[in-house]
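Good morning. I will take a few minutes to go through some local details of one structure. Please have a look at it first.

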Amino acid sequence: MMMNTGKDTMDTRNTLRWRLAPAWSLLSLLLIVVAVTELNNMFGSSMQSQMQFALVNLIIVVALQIFVGNSGVLSFGHIAFVSVGAWTVGLLTLDPALKQSLLSGLYPFLSTASAPWLVAVFIGGVVGLVLALVVAPILMRLNGLQAGIATFALLGVVNQVLTYWSGIGPQSGQSMAGLPTDLNLQETMLFALATIVFAWLIQRSRPARLLRAAREDGVAAPASGINVVTQRVIIFAISGFVAGIAGGLFALTNGVVSANLFFVDFTFLTLAMLVLGGAFSLFGAVVGALVFSLINVLLTNLENGLTVGSTTLTIPNGSRTIVLGLVLVLMLMYKPRGLTGGRELAWPLRKQPPPGTIVTND
Amino acid sequence: MNQLIQSLLDAISQGAILGLAALAIGLVFGVIRLANFAMAEIITGAGYALVLTWQWGWYVAIPTAIVAAVLLSLLMEILVFSHLRKGGPATLLIASFGLSFLIQQVYSVVFGNDVRTAPVASNLAQTWDIGSLRVQSLSIVSIVLTAIMLAILLWFLRKTSLGLQLQAAAMDFTTARLIGIPAKRVIAVSFAVSGILAAAVAFVLTVQSGAVGPTFGVNITVLALVGAVIGGIDKLVGSLVGGFLVGFATSMLSTWLPQDVSNFRDAFVFVLVIIVLAFKPAGLFIQGRGVVRT
């Protein structure tokens, strides 16, 4: 910055910039989410439910980003936390009479338990947190491929338990249907906004900073006294909490919960969203989830036949998922850091340092 | 006693097939650090080839299946993975995950969601009574087929120049390139060989079920991948034995677990996997803690 200004002004400018930049990186994300939701409202009520699913997916992707983004470790297992959250909310909000007949094998304390949906969602988050805390001391020692496989194994275990254990759910392979779908789009949006603020605060917390240091240099960070495993456990647990909440919201949005919803397909979907946007920034998670959902909705409508003026456009069934798969693969091939390049949104009209530049705060 | 021998035989044959599948994954991983989840679609593709061409005789169907598997495998490398060299194993795993999903959808559009059936080598799927022992002839066939494939592979790796180059590349790719081993050729060979192994796996699975759908190869690939990683995906022996152990354990658990918990068989296997990874992250058959190449 070779400008012809005095040193004092430079300093104040920089300080101001350094104060405002993070605030802007949060505010802009909130604005994007509100804008997209409001924009969607203009299309009338037909798109409401799709938007609500998009926002729930956004929360899941942000949960994933809290862990993957900060630690740089891959997780194929976050849908396990989503599923226990959804399960909890399903068990706690299902109409008691319905519960008696649908879930006959339930443990007594579960068959009588019930809670208002907001409380149930919170408990779902706590269950996600506890599950994450239990498995974290083992999983968090692993890196790269091993971490991927171990988290996938966790998903496999949780999925089988939810599928077959009738003490905590329906008979094997069946679903919990008839959940209350009181949650409206406005409330879902508030949850999404709160999640983003929470993730932003986490990102600026000490454990997350230490983890990002370890992510960038796996040798130097431990050598400087960072206990990487401990920091990972903390962030993993927080991420599990958010994923559990998201699972609860999913249950209330979908109205039906069954174990086979929460397996490889859902994992693929959410990971694809994260990779599309860029795993290393919160901005990436938000953009990825929204853009992916947009493509998804567009293609779904095209499959059902979209009328533009006098012509109806149709694409063959199944091409939706093909395009989504293609998007992920092409993204990894040509822009592996995602649409955002893994960076937060910076104040517009200001030149960005080129990628790879080390920005120091002095 | 008889039941024990029978279950052992089943477990060994299941392990053999999973070992082959895991070897197919490990072979490619050793060279370009790709744990190819889309191996599932190579197996499925070979399965479709077998089922759809079986009416013209095995001498048409089997070569078609092998060619289809090798082509699919090479195409994946040329169209996708060769553009991803810079990513680490985790990125490559996600990419192969996405590719797997993509090809599955293509299959279901092209061949439909319903399974395609044909009595592929149905005379192999009989039961023989030897004394009081009931033996699935397919178990013997899988064991023999695996043994033959391993023998050929061993000969190829030890006695041919291409095989030696492949081994060198699997041991240390950078050094192998430095001493003049043609990288592209070695990579192509590893994909081709892994395609052939996948075709063998597809053959056994198709004889077993006679029906192929879009997700035909997914289950075995998940288990094979898991097996390869816990055995030590960096070493060919590690992948092979890891795959074998997972297959063996799965089969034994489904025979011997009491009825009311046998539903949780895969959960037990996955718990074992997590435990193994916790203590031996580099793999069971890698000496010491090993260097986890990430």
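Predicted model: local features only at pLDDT ≥ 70, side-chain atom pairs only at ≥ 80, totals over all residues.

Start in chain B with the helices α2, residues 39-53, and α8, residues 183-209. Their axes are 8 Å apart and meet at an angle of about 55°. Angles of 65 to 115 degrees would count as roughly perpendicular, and those under 35 as roughly parallel. The two helices, α2(B) and α8(B), are therefore oblique to each other. The crossing of α2(B) past α8(B) is right-handed. On the α2(B) side, the contact includes B:Met39, B:Ile42, B:Ala46 and B:Leu50. From α8(B), B:Gly195, B:Ala198, B:Ala202 and B:Phe203 are among the residues taking part. Sorted by type, the contact residues of this pair are twelve nonpolar, four polar and no charged.

Next, the hairpin. In chain B, strand β2, residues 127-130, pairs with β3(B) in the antiparallel sense, over four bridges. B:Thr127 has B:Gln136 as its bridge partner in β3(B). Two residues lie between the strands, and B:Gly131 has a positive phi near 65°.

Which side chains of β3(B) are buried? B:Leu133 and B:Val135 are, and they point to one face.

Last, chain A. A:Gly342 sits in the segment after α14. Its relative accessible area is 17%, and buried means under 20%, so A:Gly342 counts as buried. What does A:Gly342 contact, beyond its neighbours within four places in sequence? The residues are A:Gly278, A:Phe280, A:Ser281 and A:Arg337. A:Ser281 is 61 residues away along the chain, yet the two C-alpha atoms are separated by 4.8 Å.

Terms used: Residues numbered from 1 in each chain as written. Chains lettered and ligands numbered in written order. Heavy atoms only, no water. Axes fitted to C-alpha atoms, helices over the stretch in contact; angles between N-to-C directions. Parallel < 35°, antiparallel > 145°, perpendicular 65-115°, else oblique. Left-handed = near helix turned anticlockwise from the far one by under 90°. Contact = heavy atoms within 4.5 Å. Nonpolar A, V, L, I, M, F, W, Y, C, P; charged D, E, K, R; others polar. Buried < 20%, exposed > 50% of the residue type's maximum accessible area, 1.4 Å probe, protein only. Pairing = 2+ DSSP bridges.
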